[in-house]
Amino acid sequence: MVLGRAFEDMCAQMYYWGKMFGFVHLYNGQEAVSTGFIKLLKKEDCVVSTYRDHVHALSKGVPARQVMSELFGKTTGCCRGQGGSMHMFSKEHNVLGGFAFIGEGIPVATGAAFSSKYRREVYKDESCDHVTLAFFGDGTCNNGQFYECLNMAALWKLPIVFVVENNLWAIGMSHLRATSDPEIWKKGPAFGMPGVHVDGMDVLKVREVAEEAIGRARRGEGPTLVECETYRFRGHSLADPDELRDPSEKSHYATRDPITALKKYLLENSLATEAELKGIEKRIEEEVEEAVEFADKSPVPARTQLLENVFADPRGFGIGPDGRYRCEDPKFTEGTAQV
């Protein structure tokens, strides 16, 4: 959780220094959800995220330097600089992507869960007990993909956990004003799966619920819908002045900081000393600073990379090895138009 917080705080600094471009959505305040769930997974298990995906990738094991480099748009990023903030992906760590539009990732996660079941039941691969986690926000729960995938997952008893990170706000729309029944977890039983509500600011409670839901999926007992009630401490994105939320609401949730709460628990129960916790913070600070230094020194992608992973054969579309557009029409001279 400390790594996630420190990393996101550094992202804000780098964004305002002009090192990152586009929209950047931070995860501050929601760290207990990512840690509570993802740290229970095996490497073979899959995670499907949203546009608020940096910390999900870090929790799954993607190195901080790769995530930071991706944010900087460098070739050393986990997507070689072509994904950016909202599209973190790592084949090695089975992070199947962040998705810029809400609800996009839920069908992908459902497909990943189906592939696990298919390998086990059709290919008779008894070792395949892989689980998929689908993360999304409260605003997504009024979209069609959400309902369609809950139905399919329950019908086929897929090994998936649908994790709603209910931070109470969909951009600038209060969750209470946007849905007929604000208790999202109730939608699980409507499709024949357990629905669970948990305090998303308490990592130990999240972990307890996650353990049961992931275990249930791994045993072949089907999906679970988990609503984690949490709160984002910053605006919707770094371009959001965050003027719509009541200051008293923000102050209330600031007192429930999941990292502060866990520190207090560890100290009161003699599970760690103040010096040990400070040592963790110092190591994390050094790791994040090294990630920035690494990203800053890394090369930007060559122009020839522009259409890679877009078309099967970039050169078939007239893009030469130097990234220039090649046109055989004699009316145009070579290099007149550039990509």
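Mentor: UniProt positions follow the numbering used here, feature names are shortened, and annotations may be inferred rather than shown by experiment. This is a predicted model, in which local features need pLDDT of at least 70, side-chain atom pairs count only at pLDDT 80 or more, and totals for chains, interfaces and linings use all residues. Residues are numbered from 1 along each chain as its sequence is written, and side-chain values use heavy atoms, with hydrogens and water left out.

Trainee: Which residues does UniProt list for "domain: Dehydrogenase E1 component"?

Mentor: The unreviewed UniProt entry lists residues 2-301. That span is 45% helix and 10% strand, and its end C-alpha atoms lie 31 Å apart. Helices (H or I, at least four residues) and strands (E, at least two) are DSSP runs, numbered from the N terminus.

Trainee: What does UniProt annotate over residues 270-297?

Mentor: The unreviewed entry gives "coiled-coil region" for residues 270-297. In the model, this stretch is 86% helix and 0% strand, with 42 Å between its end C-alpha atoms.

Trainee: How is the protein chain divided into domain 1 and domain 2?

Mentor: Domain 1 covers 1-301 and domain 2 covers 312-338; such bounds come from an automatic or database domain assignment. The C-alpha centres of domain 1 and domain 2 are 41 Å apart.

Trainee: What is the order of the five strands that form the open sheet?

Mentor: The order is β1-β2-β3-β7-β6, with parallel pairing. β1 (46-48) and β6 (195-199) are the edge strands, since each pairs on one side only. From one strand to the next, the twist averages 20°.

Trainee: Why do β6 and β7 count as a pair?

Mentor: Two strands pair if DSSP finds at least two bridges between them. Five bridges join β6 to β7 (residues 224-229), therefore these strands meet the condition, and they run parallel. As an example, valine 198 has cysteine 228 in β7 as its bridge partner.

Trainee: What does helix α2 touch when it packs on the sheet?

Mentor: Helix α2 (residues 31-38) touches β1, β2 (132-137), β3 (160-166) and β7. Contact here means heavy atoms within 4.5 Å.

Note on methods: Axes fitted to C-alpha atoms, helices over the stretch in contact; angles between N-to-C directions.
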